[in-house]
Amino acid sequence: MHDIEHVHNYRFVDDRLATSGQPSVAQLQSIANAGFAVVINLALHDDPRYSLPDEAGAVAALGMEYVHIPVQFAAPRQQDLRALFDAMDRCRGKKVWVHCAANMRVSAFLG
């Protein structure tokens, strides 16, 4: 089992929010074990180097909610940011893990 602190570019924000780059399936298990209830993915699913074959299925199998907001790295849109804010509002009170491929989109959006 992988420790969550080994997920690529992991950042602890507070007791209810952490961010990272793409976690592996084993790391998703660690994320679930750490009490996270929601995984929000801002990455695309078009490059197997930076995505899982079925992240939605893996997250659901672990009992977590999955939200996918595909953000083009070179062309993020205001509606993408609003979708993240809406998802965060819907998940208020839950422990949330937000990731993209390398934690760059997430860092820009949360900054």
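Which residues does Ile69 touch, not counting residues up to four places away in sequence? Ile69 touches Ile40, Asn41, Leu42, Ala43, Asp80, Ala83, Leu84 and Ala87, where contact means heavy atoms within 4.5 Å. This is a predicted model, in which local features need pLDDT of at least 70, side-chain atom pairs count only at pLDDT 80 or more, and totals for chains, interfaces and linings use all residues. Residues are numbered from 1 along each chain as its sequence is written, and side-chain values use heavy atoms, with hydrogens and water left out.

**Overall fold**
- The chain has four helices and five strands; helices (H or I, at least four residues) and strands (E, at least two) are DSSP runs, numbered from the N terminus.
- Along the sequence the pattern reads β-β-α-β-α-β-α-β-α.
- The C-alpha atoms fill a box of roughly 35 × 30 × 25 Å, taken along the principal axes.
- Of the 111 residues, 43% count as buried. Buried means under 20% relative accessible area, exposed over 50%, and partly exposed in between (1.4 Å probe, protein chains only).
- Among contacts between residues at least 6 apart in sequence, 75% join residues at least 24 apart.

**Nonpolar cores**
- A nonpolar core is a set of buried Ala, Val, Leu, Ile, Met, Phe, Trp, Tyr and Cys residues joined through side-chain atoms within 4.5 Å.
- The largest such core has 16 residues. Ile40, Leu42, Ile69, Leu84, Val96 and Val98 touch the most other members.
- At least two residues of this core come from each of β3, α3 (78-90), β5 and α4.
- In soluble globular proteins, nonpolar side chains tend to be buried together.

**Helix α1**
- Helix α1 spans residues 25-33. Gln27, Leu28, Ser30, Ile31 and Ala32 are buried there.
- The buried residues of α1 pack against β3 (38-41), α2 (55-61) and β5 (96-99).
- Gly35 follows α1 and has a positive phi, near 95 degrees.

- Most residues other than glycine have a negative phi.
- Asn9 is not a glycine, yet its phi is positive, about 55 degrees. Asn9 sits in the segment before β1 (11-14). At 30% relative accessibility, Asn9 counts as partly exposed.
- Asn103 also has a positive phi, near 70 degrees. Asn103 lies in the loop between β5 and α4 (104-110). Asn103 is buried, with a relative accessible area of 5%.
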